[in-house]
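Reader: I'd like to go through this one with you, if you have a moment. Could we take a single side chain before turning to the whole chain?

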Amino acid sequence: GKSQEMTKKMIERMKKELEKIREKTKSVDDMEEADKNQVVSAIDAEILKLESLKEKVDQAQTKSDIKAITQELRSELKIVKKYSKHYLGRLLVHRMGNVIAKLEIRVQRIEMKITELKTAGIDTSAVEVMVSEAKTNISNARAKYQEAKDKYKEVLTASDFEATVKSANVLAREANKYIISAHKALQRVIPTVNKLIEAQKKSTTGSTGSGDTVASPDETSQ
């Protein structure tokens, strides 16, 4: 009847959602293969469960049969939600990891430039303080990012996955705050370093350094 058709449509929607998450999980490139395979096979198992529920719907004779299936579907719906939250969290921290890595590379380049300036006898102490502030924020961001990443991994096995997602989100937000602070610190560093480079160019005809100014940090913004 009508309720059977509706139930089957709902199962089909859930199945499609799981298939989507499964394919997306396969494409997350910072996830270890073993992790990926574990998630994919767990999702496959859920899809099989949904298919057997669909068969149950076809065999259902009474309203109470449908009611029992609906109960099962409710718990399946929670599981689909769990996989969805897990995937979104993993994707979020993956992007964050990329931003942090870019900031780290940027700092390395700036430090190389500072070393050149120092060798040329330029006083870089003021800019070094700024760099150290940026580095502190970056290492805090990396620590919080790692905590968030581990917490999102726990979502799949947690007895209360909603609570786990909440704590993972809090950690991710903290990591993001450090990223923003690091970014701001670097925005102060770059013009300062560039001024020192310009000053060095003026004071020496044969420049000891490469003489290139440092690019702005905009490309690392989220």
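Reader: Leaving aside its neighbours within four places in sequence, which residues is arginine 22 in contact with?
Author: This is a predicted model, and in it arginine 22 is in contact with Val40, Ile43, Asp44 and Ile47, once its neighbours within four places in sequence are set aside.

Reader: And where does arginine 22 sit?
Author: Arginine 22 belongs to helix α1, which covers residues 2–27.

Reader: Is arginine 22 buried or exposed?
Author: Arginine 22 counts as buried, because its relative accessible area is 18% and the cut-off for buried is under 20%.

Reader: What is the secondary structure?
Author: The chain has five helices and zero strands, so that, read from the N terminus, the order of elements is α-α-α-α-α.

Reader: How does the radius of gyration look beside that of a compact globule?
Author: The chain has 26 Å, whereas a compact globule of 222 residues would be near 17 Å; along the principal axes, the C-alpha trace spans about 95 × 30 × 25 Å.

Reader: Which share of the contacts joins residues at least 24 apart?
Author: Counting contacts between residues at least 6 apart in sequence, 77% join residues at least 24 apart.

Reader: Last topic, charges: how far apart are the mean positions?
Author: The chain carries 42 positive and 34 negative charges, and their mean positions are 5 Å apart.

Notes. Residues numbered from 1 in each chain as written. Predicted model: local features only at pLDDT ≥ 70, side-chain atom pairs only at ≥ 80, totals over all residues. Heavy atoms only, no water. Helix = DSSP H or I, 4+ residues; strand = E, 2+ residues; numbered from the N terminus. Rg over C-alpha atoms; globule rule 2.2 N^0.38 Å. Contact = heavy atoms within 4.5 Å. Lys, Arg positive; Asp, Glu negative; His and termini not counted. Charge placed at Lys NZ, Arg CZ, Asp CG, Glu CD. Buried < 20%, exposed > 50% of the residue type's maximum accessible area, 1.4 Å probe, protein only.
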